[in-house]
Amino acid sequence: LYLSDLFWKKITKFVSNCLPSPTQKSASDYNNFDREFLSEKPKLSYSDKNLIESMDQSAFNGFSFINPKFEQILNK
């Protein structure tokens, strides 16, 4: 294959060096986010109880947080 001859590691390094890295003053520095986005009130997305129950939940074994509002939906 033509693509197998390319030096993928070199290409990846070149591309990653070309991308600008935003500066961050601290872990809670949100200056790189759009102000309009930050001003939006967060809201829970709709979830279908039947759909969730039909899915394999084993990927979440050991996951310790359950949103209290979601817990109310599950208990209905």
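Biologist: Let's begin with F14. Which element is F14 found in?

Modeller: F14 sits in helix α1, which covers residues 8–18, and please keep in mind throughout that we are looking at a predicted model.

Biologist: And is F14 buried or exposed?

Modeller: F14 counts as exposed, because its relative accessible area is 57%, and the cut-off for that word is over 50%.

Biologist: Stepping back, how many helices and strands does the protein have?

Modeller: The secondary structure consists of four helices and zero strands, so that, read from the N terminus, the order of elements is α-α-α-α.

Biologist: How much of the protein is buried?

Modeller: Of the 76 residues in the protein, buried ones make up 3%.

Biologist: Changing topic, how much space lies in the largest pocket?

Modeller: The largest pocket holds about 510 Å³ of space, and its lining is formed by 16 residues, with Q57, F63, F65, I66 and F70 lying nearest the centre.

Biologist: What kinds of residues are in that lining?

Modeller: The lining of the largest pocket divides into 10 nonpolar residues, five polar ones and one that is charged.

Biologist: Which helix gives the most to it?

Modeller: That is helix α4, made of residues 68–74, which contributes four residues to the lining of the largest pocket. F70, one of the residues nearest the pocket centre, is found in helix α4.

Biologist: How accessible is F70?

Modeller: F70 has a relative accessible area of 24% and is therefore partly exposed, since buried would require a value under 20%. F70 and S47 are 23 residues apart in sequence, while their C-alpha atoms are 8.8 Å apart in space.

Biologist: Last one, where does K76 lie?

Modeller: K76 belongs to the segment after α4, and K76 counts as exposed because its relative accessibility is 76%. Between K76 and K49 there is a separation of 27 residues in sequence and of 9.5 Å in space, taken from C-alpha to C-alpha.

Terms used:
Residues numbered from 1 in each chain as written. Predicted model: local features only at pLDDT ≥ 70, side-chain atom pairs only at ≥ 80, totals over all residues. Heavy atoms only, no water. Helix = DSSP H or I, 4+ residues; strand = E, 2+ residues; numbered from the N terminus. Buried < 20%, exposed > 50% of the residue type's maximum accessible area, 1.4 Å probe, protein only. 1 Å grid on protein atoms, 1.4 Å probe; cavity = no way out; pocket = protein on both sides within 12 Å on 5 of 7 lines; lining within 4 Å. Points joined across faces, edges and corners; volume = space filled by probe spheres on them. Nonpolar A, V, L, I, M, F, W, Y, C, P; charged D, E, K, R; others polar.
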